[in-house]
Amino acid sequence: MLGRARGLRLRGRGGAHPNPMVGCVIVSEGRTVGRGWHAEFGGSHAEVMALREAGEAARGATAYVSLEPCAHFGQTPPCSEALIDAGVARVVFGAADPGDASSGGAAQLRDAGIEVVGPCLSARSALADNPSFFHRARTGRPYVAGKLAMSLDARIAARPGDRTPITGEEALAEVHRIRAEFSAIVVGARTVEVDDPLLTARGDIEPRVPPIRIVLDAHAALPLDGALAGSLHAGPVWVFCSKQVAESRIEELERAGIVVHPIASTGDEVDLAAVVDDCAELGLASVLVEGGGRLVDGFGAAGLLDRFYLFTAPSVLGSAGVPAFPGKGLRLDDGNTWGLVSRPQRVGNDVLAIWDRTESLSPEESA
């Protein structure tokens, strides 16, 4: 049943952010009497939704919750109190709540005489379920993920300067679902020049707050007649540029509605660590770096990536193609640093593999 609760959490993709995704199943006499999930930030939590469906059948029942019930007044009252008031006899939970304010629900339930089993998940499994939430609680900085789509021969374009579709429609739909879970999407100036992307989250999951579209562009050369500048109604666009960019150019971008952040830079490259630090100060919980390959590799080399999504298509682009991994910054074969979240999965004709950075976990946690 805990597995079912973890599955239900996914129904909160995009809506619960930046809160964790949580699912709950209530079982009485071997029968499911209530199900719930945290659907939207500020809305009812999973336990409350499940209790509402269960009604009086919750009395004496067992609640299976993917995350320890919260014990504080935030946007909503404590879930631990709701479970106590409903007369639940037993609570089984997956991951311990890492929050200083929200944790303590399990102890509160035990003090009320309720049997509590948990945490049942390892730190690594908890991180996989709600990476941004657990990462920020542990480190205090934004959760940073990278994403690439490549051919079987590890190419991301047929040749330099070409806009080359790699994956199929099903994989593209999954990319939009992934985007919906992040506060911001980041690309480099070269990707904007070649692909002219929108970088919005479109599809069957609509994010509660549209991700901020961020361009790392040392020279602040973002075209004002491009897709990003022309779609400000769909979400903000930020440019991180060199502090040496002329004030007149910054003012031109700002008049067009672009938010400009001058930052430490060297030549054509902005300081990636400074970008992440600024994102933290600006309140961003999570960042998805979509490309190109050099940018993702740069984040990897700087030790700034916490997760990596890799879509692989059943095609070959040849030696003239653009390498997906142009440097040695992202070493997914290093088992001491990276671990697969689960077995690679088919997405249409393509394959998606997801790695989490486990280097910062203790040996016990990463097992």
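E252 and R249 both lie in helix α9 (residues 247-255), three residues apart, which is about one turn of the helix; helices (H or I, at least four residues) and strands (E, at least two) are DSSP runs numbered from the N terminus. The model is predicted, so that local features need pLDDT of at least 70 and side-chain atom pairs count only at pLDDT 80 or more, while totals for chains, interfaces and linings use all residues. Residues are numbered from 1 along each chain as its sequence is written, and side-chain values use heavy atoms, with hydrogens and water left out.

The mean pLDDT (the predictor's confidence in each residue, from 0 to 100) of the protein chain is 90, and 95% of its residues reach 70 or more. Over residues 362-367 pLDDT stays under 50, and the model has eight contacts for them beyond four places in sequence; a contact means heavy atoms within 4.5 Å. Where pLDDT is low, the predicted coordinates should not be read in detail.

The whole structure holds 16 salt bridges, each defined as a side-chain nitrogen of Lys or Arg within 4 Å of a carboxyl oxygen of Asp or Glu. Three of these pairs are tabulated below.

| E174 | R13 | 3.4 Å |

E174 lies in helix α7 (residues 169-179) and R13 in the loop between α1 (2-8) and β1 (23-28), so the pair ties together parts that are 161 residues apart in sequence. Both E174 and R13 are buried, where buried means under 20% relative accessible area, exposed over 50% and partly exposed in between (1.4 Å probe, protein chains only). R13 and E174 also belong to a network of salt bridges that includes R177, E181 and D204.

The pair of E290, in strand β14 (residues 286-291), and R179, in helix α7, links parts of the chain 111 residues apart. E290 and R179 are both buried.

A nonpolar core is a set of buried Ala, Val, Leu, Ile, Met, Phe, Trp, Tyr and Cys residues joined through side-chain atoms within 4.5 Å. The largest such core has 35 residues, of which I214, L216, F240, V289, F299 and F308 touch the most other members. Helix α10 (residues 272-281) gives the most to this core, with five residues. Beyond four places in sequence, V289 touches V144, A145, G146, K147, V186, L295, V296 and F299. Another core, of 28 residues, lies apart from it and includes L51, F93, V116 and L121.

S315 lies in the loop between β15 (307-312) and β16 (322-323), and it is partly exposed, with a relative accessible area of 28%. Residues up to four places away in sequence not being counted, S315 touches S151, L152 and D153. S315 and E47 are 268 residues apart in sequence and 45 Å apart in space, C-alpha to C-alpha.
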